[in-house]
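I opened my notebook to look up two things here: the surroundings of a ligand, and the way the chain is divided. Come and read along.

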Amino acid sequence: MEIRARAPGKIILAGEHAVVHGSSAVAAAIDLYTQSSLHLPPSGEDGAGVVEVDLTDSCLAFSWPCSRLLEALGETCRKAELQAPRPCSPEELAAIAKLVELHEIPEAKIWLSAGLSAFLYLYTSILGCRPGKVVVSSGLPMGAGLGSSAAFSVSLSGALLTAAGVVCAEGVVGGTEWQLLGKDHLELVNTWAFQGEKIIHGKPSGIDNAVSTFGSMIKFKKGELTNLKSGNPVKMLITDTRVGRNTKALVAGVSERASRHPDAMASVFHAVNTISEELSSIVELAATDEISMTSKEEKLAELMEMNQGLLQCMGVSHSSIETVLRSTLKYNLVSKLTGAGGGGCVLTLIPTLLSKLVLEKVTTELESHGFRCFKVEVGGQGLQTHRG
Ligand SMILES: Nc1ncnc2c1ncn2[C@@H]1O[C@H](COP(=O)(O)OP(=O)(O)O)[C@@H](O)[C@H]1O
Ligand SMILES: C[C@@](O)(CCOP(=O)(O)O)CC(=O)O
Ligand SMILES: [Mg+2]
């Protein structure tokens, strides 16, 4: 049996980091996906065979004998309560980390160990110690602010829960082989993916796994999700500075700054909340045609610029990000970092009336710094599955 699931990455238009501290944020799915393909042999004896994961983008594969997993994880391996995932306990996480350490991961790719821990937790909690192989491939740059960690956890959870028979597809995505899950099943996938995201991020807000699961453009605050009807989707150029960074460390850095300067940072988070609220109203207003496209874009650009200033206050900008801001400003274009910052990706709002020539010029200038530019479709489908 083969089950495939694919989950999109995301951009955050406003509110990253502040969302971890209770502010609103606005995010949208993009048309770059992580795909997990799960192959399960017919059920055999408990403890026989191996659990294998092939991370094709990193050209690395890992496997663990089921007997070893059973020995190390005991009860966990005997399947958790599938309808209500419980958080991974520190003891369990330590046992999983030891299983990951059985493999020598090259120093340059050591950040993969968090992803492997999330994999082992999700696999053994959902399918127990049953042998199987998962092949993961992604069109998303990893560790660059486009939510690859969430897309990884959502696609894995989607495939594993489908195999366990607790979720199933209800409809098809027009013109493709992909199928969609109903709302309740998506909720369940999202809850599991959040547990995976916790292993990778430490203290995630839940916005990335939510937008990857449900798709579309959303406003998110304290776990509450509002779908934004966006009419004409905004056009964004994404610049990947190719400066590697780690969301867990950046989120922890902002929390440390907040504990050193609680009042000042509370004001920063409050200001971000106001920006996200205003941005989401503009997006929704634009869908009703009560505001012209130009006016919508001008307002969005100003809010993005303000949000970027506040992200600098949080200490998550980077010289590479500042280079993108300066380069695009020369062409009167506004940019802001997206995701955790510290490098990674930057968004540039592309106004509808911007000439092709200017777009080409700005892209050439950004690429001359060694950055990679690309355009994405914003606000599409979330998790999709396929049973082969
Ligand atoms: N396709 C993948 N294969 C293996 N691990 C992945 C994959 N995608 C994401 N990860 C895990 O997620 C981490 C990146 O997450 P993070 O630092 O949150 O950045 P982002 O979510 O912005 O890409 C990686 O270091 C890895 O542990
Ligand atoms: C910084 C944060 O707001 C978003 C992180 O996104 P990413 O992992 O950088 O794609 C953290 C979170 O909301 O969990
Ligand atoms: Mg992430």
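For sorting residues, I count Ala, Val, Leu, Ile, Met, Phe, Trp, Tyr, Cys and Pro as nonpolar, Asp, Glu, Lys and Arg as charged, and the others, Gly among them, as polar. By that scheme, the shell around ligand 1 holds ten nonpolar residues, twelve polar and one charged.

A note on the model: it is predicted, with local features needing pLDDT of at least 70 and side-chain atom pairs pLDDT 80 or more, while totals for chains, interfaces and linings use all residues. Residues are numbered from 1 along each chain as its sequence is written, with chains lettered from A and ligands numbered from 1 in the order in which they are written.

**Ligand 1.** Which residues come nearest? I found Trp-111, Gly-115, Ser-148, Ser-149 and Thr-247, out of 23 around ligand 1 (a residue is near if its C-beta atom, placed from the backbone, lies within 6 Å). Two or more shell residues come from each of α3 (112-127), β5 (132-138), α4 (148-163) and α5 (183-201). Helices (H or I, at least four residues) and strands (E, at least two) are DSSP runs, numbered from the N terminus.

**Domains.** I looked up the bounds, which come from an automatic or database domain assignment: domain 1 is 2-227 and domain 2 is 229-375. Each of the two gives at least three residues to the shell around ligand 1. Their centres, taken over C-alpha atoms, are 27 Å apart.
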